[in-house]
Amino acid sequence: MTKKTVTEQYPDVQPDLPPRTRGVIGLFEENCTVCMLCARECPDWCIYIDSHKETVPPAAPGGRERSRNVLDRFAIDFSLCMYCGICIEVCPFDALFWSPEFEYAETDIRELTHERDKLREWMWTVPAPPALDPAAEEPKEVAAARKTAEKLAAQAAPQEGES
């Protein structure tokens, strides 16, 4: 209360934002399996996804062909989006991320629908996740994998000594 207030002149002076600021949504297209969970869970229905099925030849001789979804269109209409983050939370393959970029205003509302090329560009501005706390407990998945690896190593060690 005793300090004088200072108005930052925004276009000239960029604000200092926290590292995990919610700005725009970025798409990591390689992780998208076209499961459509993000589009189904979106309360505003602002995510548009189109895909088609492709047949993949068998990996080994005598195997069977597989089919997989191929992403044709992934778009988010930011004029409808309420930035709730539900799409990011429900994505099981971590294909969507928050980017701290917030300067994407347009003069025409139709240009606020960002296609997958534009969403991919936002991915490069996504900060790395924060480092784990060194004093934190080991994640249960890592602990279970480590125990299994140690058990297999212990079983293999006596067998090597017997031969």
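Predicted model: local features only at pLDDT ≥ 70, side-chain atom pairs only at ≥ 80, totals over all residues.
1. How many cavities of 30 Å³ or more does a search of the whole structure find? The search finds two. The largest cavity holds about 100 Å³ of space. It is lined by 15 residues, and those closest to its centre are Cys32, Cys35, Cys38, Cys91 and Ala95. In this lining 13 residues are nonpolar and two are polar, with no charged residues. If you wonder how such spaces are found, rolling a probe the size of a water molecule over the atoms shows where empty space is left.

2. Now for the chain as a whole. It has four helices and five strands, and from the N terminus on they run β-α-β-β-α-β-β-α-α. The radius of gyration is 23 Å, whereas the globule rule gives 15 Å for 163 residues, so the chain is more spread out than a compact globule. Along the principal axes, the C-alpha atoms fill a box of roughly 80 × 55 × 25 Å.

3. Some totals go with that outline. Of the 163 residues, 25% count as buried. The chain exposes about 12,300 Å², and 56% of this area is supplied by carbon and sulfur atoms. Taking contacts between residues at least 6 apart in sequence, 71% of them join residues at least 24 apart.

4. Is Cys46 buried or exposed? Its relative accessibility is 2%, and buried means under 20%, so Cys46 counts as buried.

5. Which residues does Cys46 contact, once neighbours within four places in sequence are left aside? They are Ala75, Ile76, Asp77, Leu80 and Cys81. Ile76 is 30 residues away from Cys46 along the chain, yet the two C-alpha atoms are separated by 5.6 Å.

6. Met36 is not a glycine, but it has a positive phi of about 70°. You will find Met36 in the loop between strand E1 (24–27) and H1. With 27% relative accessibility, Met36 counts as partly exposed.

7. The other residue is Tyr83, where phi is near 55°, again a positive value in a residue other than glycine. Tyr83 sits in the loop between strand E3 (66–77) and helix H2 (86–90). Its relative accessible area of 28% makes Tyr83 partly exposed.

8. Phe97 belongs to strand E4, residues 96–99. It is partly exposed, at 25% relative accessibility. What does Phe97 touch, not counting residues up to four places away in sequence? The list is Val24, Ile25, Gly26, Phe28, Ile88, Met123 and Val126. Strand E1 covers residues 24–27, while helix H2 covers 86–90, which is a handy guide when you look up these partners in the model. Further along the chain, Pro127 is 30 residues from Phe97, and their C-alpha atoms are separated by 9.6 Å.

9. Finally, Gln14 lies in the segment before E1. At 43% relative accessibility, Gln14 counts as partly exposed. Apart from residues up to four places away in sequence, Gln14 touches Glu8, Phe102 and Glu103. For the pair Gln14 and Trp98, which are 84 residues apart along the chain, the separation of the C-alpha atoms is 19 Å.

Notes. Residues numbered from 1 in each chain as written. Heavy atoms only, no water. 1 Å grid on protein atoms, 1.4 Å probe; cavity = no way out; pocket = protein on both sides within 12 Å on 5 of 7 lines; lining within 4 Å. Points joined across faces, edges and corners; volume = space filled by probe spheres on them. Nonpolar A, V, L, I, M, F, W, Y, C, P; charged D, E, K, R; others polar. Helix = DSSP H or I, 4+ residues; strand = E, 2+ residues; numbered from the N terminus. Rg over C-alpha atoms; globule rule 2.2 N^0.38 Å. Buried < 20%, exposed > 50% of the residue type's maximum accessible area, 1.4 Å probe, protein only. Contact = heavy atoms within 4.5 Å. Areas by Shrake-Rupley, 256 points an atom, 1.4 Å probe, with all protein chains shown as cover.
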